[in-house]
Structures are given as C-alpha cells and as structure tokens.
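Colleague: Please take me through this model, one region at a time.

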Amino acid sequence: MKHPHRQRHHQCRAIDHATASEDGARHRRLGRREFLIAGSAVGTGLLAGCAGRQSNGGGPPAPVSLSENTECDVCGMVISEHPGPNGQIFYREHSPENHDNPARFDSTKACLFPYYFEHEQLDWTAEIVYVTDYSLIDYDISVVEGQQYIETATSAETFSNADDVVFVVGSDVHGAMGPDFIPFSDADDGTSFAEEYGGRTVRMDDITPEMLGRG
C-alpha cells in the first residue's frame with residue numbers, strides 16, 4: 001500500500017538548533033490522513049476521555065488523546081513538546097502513582113517498554129498497550145544538528161494496539177529520548193522505513209529488556 005508520506009518524508013528539512021522549538025508546532029501538526037480518520041471517528045474521539053478511565057465492559061479501553069500538558073510517566077517531559085512515538089498502557093488492577101490509567105510515555109524504547117517490563121515484574125497486568133501508528137500519520141522527518149527526528153502525534157486516532165504493529169528497531173531515526181522504536185500497523189510501511197533509515201522490523205513479543213540499551 002502506498003501512502004502519501006512516502007513522497008513527503010524523503011524531503012528532510014535541515015533546521016538549526018535555535019529554531020527547533022519553533023518546529024515543535026509542526027511536529028505536533030496532525031497529518032492529512034489523521035483529519036480524514038477523525039471525520040469518521042468523531043464518536044470514538046468524544047468518548048475517549050471516558051474510555052480512558054474505565055473499560056466499557058465489552059473490551060479494553062480505547063486510546064485517549066494526550067493533552068498539551070500531559071507528562072511522561074518515566075521522564076516527566078511534556079509529551080506534545082517532543083518528537084517521536086508515544087505510548088499508553090492501561091492496567092487491569094493498578095494505575096500510575098499520580099493519576100488514573102493510562103500510563104503515558106513520550107518514547108517507546110526509553111520509557112514505555114522499560115516501564116512495561118518493570119511493572120510486569122511487579123505483577124501488574126497490562127490490559128492493552130497503545131503506541132503511535134505511523135501508518136496512520138502523514139509524517140515528516142527533520143534534521144536537527146545532524147540527527148534525524150520523526151514527528152510526534154498525540155490525538156487518540158493516531159494510536160494502535162501494540163500487538164497489531166511492527167516496530168522498526170535499530171534505525172537512525174530519533175524520538176524524544178534518542179534512537180527509538182518506530183511503530184507501523186502496515187508491515188510494508190515498516191519494511192520501507194527500515195530500508196531507508198536502517199534497522200529491522202520486529203513484533204512486540206520479540207522485544208526484550210536486552211534490546212532497551214539507552215544508547
């Protein structure tokens with residue numbers, strides 16, 4: 001399947017460090033496909049806040065939008081202000097220390113998976129894990145001080161079940177906390193991304209604590 005972003009993300013824009021904060025607004029911009037998705041998912045979006053607090057009884061909670069002030073539960077950074085994939089974890093019988101479910105993260109590699117594995121050892125059961133799905137986003141890759149960064153997205157419609165995506169690991173593309181695991185629900189999108197930016201595709205079950213080196 002061909003996606004519009006395949007034409008756009010080849011045109012990486014080199015920007016200096018002084019303008020990186022200005023580009024934050026662009027990183028938070030929803031892509032064209034997201035607007036199309038939003039038009040057909042208004043009901044889901046309106047109910048996302050309630051779904052985030054409790055399951056509907058017939059399945060796991062839906063993903064929620066991460067507001068402008070939402071902080072990562074690991075690093076404490078404001079998620080919308082930084083590039084890269086985000087994540088959410090809903091737990092069955094537990095919740096994060098300072099707020100209701102879901103636990104929220106501004107990086108899959110540096111924050112979501114370390115939290116997931118740590119709390120798995122504490123016998124916390126994850127009801128569902130959501131990650132940014134770049135097959136749904138008309139994304140850009142930018143260059144800041146020689147490093148490539150993929151933009152972020154925080155609306156509920158940009159998340160997919162982590163069990164349903166492939167993660168590109170080991171690429172040259174950074175997120176909020178350095179090189180990140182980049183998720184795609186379309187496996188062909190993941191393969192194309194890895195061919196262009198390096199790395200390989202894996203499923204969630206393939207990711208181990210040993211793969212989370214903080215470099």
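Modeller: Helices (H or I, at least four residues) and strands (E, at least two) are DSSP runs, numbered from the N terminus. The model is predicted, so local features need pLDDT of at least 70 and side-chain atom pairs pLDDT 80 or more, while totals for chains, interfaces and linings use all residues. Residues are numbered from 1 along each chain as its sequence is written, and side-chain values use heavy atoms, without hydrogens or water.

Colleague: Where does Thr-158 lie?

Modeller: Thr-158 belongs to the loop that links β6 (147-150) with β7 (159-161).

Colleague: Is Thr-158 buried or exposed there, and why?

Modeller: Thr-158 counts as buried because its relative accessibility is 0%, and buried means under 20%.

Colleague: What does the side chain of Thr-158 reach?

Modeller: The Thr-158 side chain comes to 2.7 Å from the backbone oxygen of Ser-155.

Colleague: Now the sheet. In what order do its four strands run?

Modeller: The order is β3-β2-β4-β7, in an open sheet with antiparallel pairing; two strands pair if DSSP finds at least two bridges between them.

Colleague: Which strands stand at the edges?

Modeller: β3 (103-105) and β7 do; each has a single partner strand, so one side of each has no neighbour in the sheet.

Colleague: How many bridges join β2 to β3?

Modeller: Three bridges join β3 to β2 (residues 87-91), and the two strands run antiparallel. Within this pair, Ile-89 has Ala-103 of β3 as its bridge partner.

Colleague: Which helix lies across β2 and β3?

Modeller: That is α5 (residues 108-121), which also lies across β4 (126-132).

How values were computed. Buried means under 20% relative accessible area, exposed over 50%, partly exposed in between (1.4 Å probe, protein chains only). A polar contact is a pair of N or O atoms within 3.5 Å; within protein, one must be able to donate a hydrogen and the other to accept it, and residues adjacent in sequence count only if both atoms are side-chain atoms. Contact means heavy atoms within 4.5 Å. Axes are lines fitted to C-alpha atoms, for helices over the stretch in contact, and angles run from 0 to 180 degrees between N-to-C directions.
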